[in-house]
Amino acid sequence: MSVSLMHTLSVSYAAPLARPTGSSTVRMAIADASKALPMLSRPEMLTGSMIGDVGFDPIGLSKIDGEYINLRWMREAEIKHGRVCMLATAGWLAVDLGFKLPGDKYAGLTSLTAHEAMVSTGDMTMMLVLVALLEAKMGPKIFEAAGVPGDYGWDPMGMGKGAKADKDAALKELKNGRLAMLAFGGMLTHCFLTGQPVLQGGLW
């Protein structure tokens, strides 16, 4: 009896532990997870084929897939807003540092009051006309079959030369544009709530 008991114990001790059956399910879930939010699934339309796509779409905009408003159109809008905000952020800080257009009507303006003043004096009209002309010229390109979001064939500094350079420059622009959108929103909120410029005192 003691021999039988010892044999049973030895067999039980030597038997390999069973692997959990759910390991393959876990691997599939991780493989399909969002890069930006690994605890969530990757949005269906965000396959990673677009530059800068990390599967971040908390409000589901990528699900809109109409004839005109679709993922390519939204990428075009993201790039345009990023470019505008990069210019706006630099301009806002420049005014806070004391750089202004010559003339008495610009002397007392701040970054926060400049927009309303320019609208009331009509200075914004020329800017509106210029932007409208640019949109009329370049906007329809996104609906062309060969159209690439944000690409208007304008590269005066030659930053995009070759496939790798184009991809690297596009990713840097996209990331800086996203940061600028957050930065401009933060600066505007700060100035509106406090009534104070972002950079106190300027340079002179």
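Biologist: How many residues does H3 have, and how far does H3 reach from its first C-alpha to its last?

Modeller: H3 has 26 residues and reaches 37 Å, close to the 38 Å expected at 1.5 Å a residue, where the expected span is 1.5 Å times one less than the number of residues. Helices here are DSSP runs of H or I with at least four residues, numbered from the N terminus. This is a predicted model, in which local features need pLDDT of at least 70 and side-chain atom pairs count only at pLDDT 80 or more, while totals for chains, interfaces and linings use all residues. Residues are numbered from 1 along each chain as its sequence is written, and side-chain values use heavy atoms, with hydrogens and water left out.

Biologist: What caps the N-terminal end of H3?

Modeller: Asn70 does, with a side-chain oxygen 3.3 Å from the backbone nitrogen of Arg72. Just after H3, Gly98 takes a positive phi of about 105°.

Biologist: Which residues in H3 are buried?

Modeller: Among them are Leu71, Met74, Ile79, Cys85 and Trp92, with buried meaning under 20% relative accessible area, exposed over 50% and partly exposed in between, for a 1.4 Å probe and protein chains only.

Biologist: Changing topic, which residues are closest to the centre of the second largest pocket?

Modeller: That pocket holds about 520 Å³ of space, and of its 18 lining residues the closest to the centre are Phe56, Asp57, Leu61, Glu78 and Arg178. Helix H3 gives the most to the lining, with five residues. A pocket here is an open set of points on a 1 Å grid over the protein atoms alone, with protein on both sides within 12 Å along at least five of seven lines, and lining residues have an atom within 4 Å of a point.

Biologist: And what does the side chain of Asp57 contact?

Modeller: A polar contact of 2.5 Å joins the side chains of Asp57 and Ser62, where such a contact is a pair of N or O atoms within 3.5 Å, one able to donate a hydrogen and the other to accept it. Ser62 lies in the loop between helix H2 and H3, and Ser62 is buried, at 4% relative accessibility.

Biologist: Is Asp32 buried or partly exposed?

Modeller: Asp32, which lies in the loop between H2 and H3, is partly exposed at 35% relative accessible area.

Terms used:
1 Å grid on protein atoms, 1.4 Å probe; cavity = no way out; pocket = protein on both sides within 12 Å on 5 of 7 lines; lining within 4 Å. Points joined across faces, edges and corners; volume = space filled by probe spheres on them. Helix = DSSP H or I, 4+ residues; strand = E, 2+ residues; numbered from the N terminus.
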